[in-house]
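This report describes selected features of one protein model, beginning with the strands and moving on to the helices. Please consult the sequence and the structure shown below while reading.

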Amino acid sequence: MATTSAAPEDRVFAALANSTRREVLRLLREDGPQPVQALADHFDMARPSLSEHLKVLREAGLVSEERQGRQRIYRLEALPLAEVQDWLHPYERFWRDKLKELGALLDRLPDDEA
């Protein structure tokens, strides 16, 4: 996936589109920074495949990599997710308004008396 020429927000959305990458982010969020091998232990794939996923996450700015001796430690970088939240906010408002309208409609319907 050639994402380096894409706009930063496009790289974030492309990175989040994959379930493996979302799971990596969840693991880093819940368990904190981890070496590649600890992350790889959670997946049934070759380590080079996971490295490709980590590369996409790194290019999107969602993870950072730090070398500690021979290990590479990955850390969640959540700031780019704020862009996703900003983009989603109008849709959340849209659905909240629709649910209010549905609630008002249901309140106007007569009660079913059996």
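## Strand pairing

In strand E3, the bridge partner of Pro35 is Ile73. The model is a predicted one, in which local features require pLDDT of at least 70 and side-chain atom pairs count only at pLDDT 80 or more, while totals for chains, interfaces and linings use all residues. Residues are numbered from 1 along each chain as its sequence is written, and side-chain values use heavy atoms, with hydrogens and water left out. Helices (H or I, at least four residues) and strands (E, at least two) are DSSP runs numbered from the N terminus, and two strands pair if DSSP finds at least two bridges between them.

E1 and E3 run antiparallel and are joined by two bridges. Strand E2 (residues 63–68) is also antiparallel to E3 (residues 71–76), with six bridges between E2 and E3.

The three strands form an open sheet in the order E1-E3-E2, with antiparallel pairing. Strand E1 (34–35) and E2 stand at the edges and each has a single partner strand, so one side of each is left without a neighbour in the sheet. In a regular strand, side chains alternate between the two faces of the sheet.

Helix H4 covers residues 47–59 and includes His53. Is His53 buried or exposed? At 14% relative accessibility, His53 counts as buried; the classes are buried under 20% relative accessible area, exposed over 50% and partly exposed in between, for a 1.4 Å probe and protein chains only.

Leaving aside residues up to four places away in sequence, His53 touches Asn18, Thr20, Arg21 and Met45. Contact here means heavy atoms within 4.5 Å.

Side chains of opposite charge can pair when their charged atoms come close. A search of the whole structure finds seven salt bridges, each defined as a side-chain nitrogen of Lys or Arg within 4 Å of a carboxyl oxygen of Asp or Glu. One of them links Glu23 to Arg26, with the closest N and O atoms 2.5 Å apart. Glu23 and Arg26 are three residues apart in helix H2 (residues 19–31), and about one helical turn therefore separates them. Glu23 is partly exposed at 26% relative accessible area, and Arg26 is partly exposed at 27%.

Arg26 also meets Glu30 in a salt bridge, at 2.4 Å from N to O. Glu30 and Arg26 lie four residues apart in H2, about one turn of the helix. Glu30 is partly exposed at 46% relative accessibility. A further salt bridge joins Glu30 to Arg29, whose closest N and O atoms are 3.1 Å apart; Arg29 counts as exposed at 55%. Through shared partners, these salt bridges join Glu23, Arg26, Arg29 and Glu30 into one network.

The structure holds three aromatic pairs. The rings of Trp87 and Tyr91 have centres 5.0 Å apart and planes at 35 degrees, so this pair is tilted. Rings of Phe, Tyr and Trp (its six-membered ring) pair if their centres lie within 6.5 Å; planes under 30 degrees apart count as stacked, over 60 as edge-to-face and the rest as tilted. Trp87 and Tyr91 are four residues apart in helix H5 (residues 79–108), and about one helical turn therefore separates them. Trp87 is partly exposed at 46% relative accessible area, as is Tyr91 at 44%.

Phe94 and Trp95 form an edge-to-face pair, 5.1 Å centre to centre with 85 degrees between the planes. Phe94 is partly exposed at 40% relative accessibility, whereas Trp95 is exposed at 55%.

## Cluster and surface patch

Phe13, Trp87 and Tyr91 form one aromatic cluster. Phe13, Trp87, Leu88, Tyr91, Phe94 and Trp95 form a nonpolar patch on the surface, with about 640 Å² of accessible area together. H5 gives the most to this patch, with five residues.

Patches consist of residues with over 30% relative accessible area and no salt bridge, like charges being joined within 9 Å and nonpolar side chains (Val, Leu, Ile, Met, Phe, Trp, Tyr) within 5 Å. Accessible areas come from the Shrake-Rupley method with a 1.4 Å probe, and for residues only the protein chains shown count as cover.
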